[in-house]
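Thanks for coming, everyone. I'll keep this brief. Please have a look at the model first.

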Amino acid sequence: MSPRERLRIGRVGAQGDGLAVSEAGRRLFAPLTLPDELVEASILGDRAEDIRVLEASPERIEPPCPHFGTCGGCALQHWATAPYTGWKTDLIREALSREGIETDVLPAFTVGPGARRRLALHARRRGREVVLGFKARRSWAVEAISTCVIADPRIVAALPALRVLAKPFFEHPKSAPTLHVTVTATGLDVDVTGVEARGGGLSADARVRAAEAAGAADLARLTLAGEMLYQARLPMVRFGPAAVALPPGGFLQASAEAERVMSSAVARAVDGAARVADLFCGAGAFTFPLAGRSGVLALDASREAIAALAGGRAGTPGLKAIEAEARDLYRRPLLAGEMKRLDAVVFDPPRAGALDQAREIAASTVPLCVGVSCNPQTFARDAAVLIGGGFRLGSVLPVDQFLWSAHVELVGVFRR
């Protein structure tokens, strides 16, 4: 039997767990706890489990979701808004501090419940039924959900139909389908992954049943790892003045509201620039708002995203020139010499950051750079490179679009 100890929680760590020190002096991770709480827990390695709260923090609130605690989707629904938001801001400050960077961190923008327009829902068979939900805490098992307080209500309303939709994808016993559900202006777009491809993949009969279920659910589109199974309407999203047909499985910011906040921050920062590069542009979330006032060079590794951007450009009059190109910026970063005619650069890379690209920007003569990031650690690393090249990080805007999680986005403005 695991030993039980009383622990005083010091602070919440970077992954959302409370941090404490055991009687033996070891640092422990205590999930679902808050600063200054006294708890009793079993000690399993470096984790406190089977936790009983003896003295609750005054910052502890009633979680709004009935699945909180067992579902692994949210970590911090039990924390009051003000200290929770302050903690997210501190994650950015601490990441910058580790690189020796000090700057003005603006008040965070936090989305409300019901703002998430895309979710990855895991489907599993339980007897003759199919359950749909998220991975349980520290488990490969799926916690079946009946609601989700962070999700767009249109996804929640579709949960019964999505359970029916998942059934044909269990044809192979090793299949473990994940439904990537996105809310678009023309309906839900669903891309299914995790279906066993050996033995010929999904049969014609299963494809027909999946298409029928998609029609019954009034989906805009259903794809299997990007392969079309059903389409009633093109899944359309709006980026500034442009309506863009989202490619299957294409990247989209988790919240439309957060995307507008980040896009507005980027546009304000580069206002007056005649020509701007939008690096890692995707299908044009920043490109189109920028193109209202500036010519834009838009680069992204995804050919499908660039094709979608080009389609949106063709259907949107009144824009400045947009030059869009499929280019893998990890293999071929935009070189310093290619930036001679640019007035500003915007870059929004994946979580790994853009170290090589940052080096090229630092070596260029571009006077203004805006970094958008979903990872404060890699942003701080890349920011240090830019600062070494003569830039000054003027301000950082935290954007919390992954509510009650340990993830935080940011927009940072560099000038020289």
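This is a predicted model: local features need pLDDT of at least 70, side-chain atom pairs count only at pLDDT 80 or more; totals for chains, interfaces and linings use all residues.

Rings first. A pair of aromatic rings is described by the distance of the centres and the angle of the planes. How many aromatic pairs does the structure hold? Five.

Take Tyr84 and Trp87. Their ring centres are 6.5 Å apart and the planes sit at 35°, so this pair is tilted. Where are they? Both are in helix 1, residues 81-98. They are three residues apart there, so about one helical turn separates them. Tyr84 and Trp87 are both buried. They also belong to a cluster: ring pairs link Trp79, Tyr84 and Trp87.

Next, Phe379 and Phe414. This pair is tilted too, with 5.8 Å from centre to centre and 45° between the planes. Phe379 lies in helix 9, residues 376-388, and Phe414 in strand 24, residues 409-415. So the pair ties together parts that are 35 residues apart in sequence. Both Phe379 and Phe414 are buried.

Now the backbone. Most residues other than glycine have a negative phi.

Ala225 has a positive phi of about 50°. Ala225 is in the loop between strand 14 (221-224) and strand 15 (227-231). Is Ala225 buried or exposed? Its relative accessibility is 59%, so Ala225 counts as exposed.

Phe280 has a positive phi as well, about 60°. Phe280 sits in the loop between strand 18 (275-279) and helix 6 (287-291). Its relative accessible area is 13%, so Phe280 is buried.

That's my tour. Questions, please.

Note on methods
Residues are numbered from 1 along each chain as its sequence is written. Side-chain values use heavy atoms; hydrogens and water are left out. Rings of Phe, Tyr and Trp (its six-membered ring) pair if their centres lie within 6.5 Å; planes under 30 degrees apart count as stacked, over 60 as edge-to-face and the rest as tilted. Helices (H or I, at least four residues) and strands (E, at least two) are DSSP runs, numbered from the N terminus. Buried means under 20% relative accessible area, exposed over 50%, partly exposed in between (1.4 Å probe, protein chains only).
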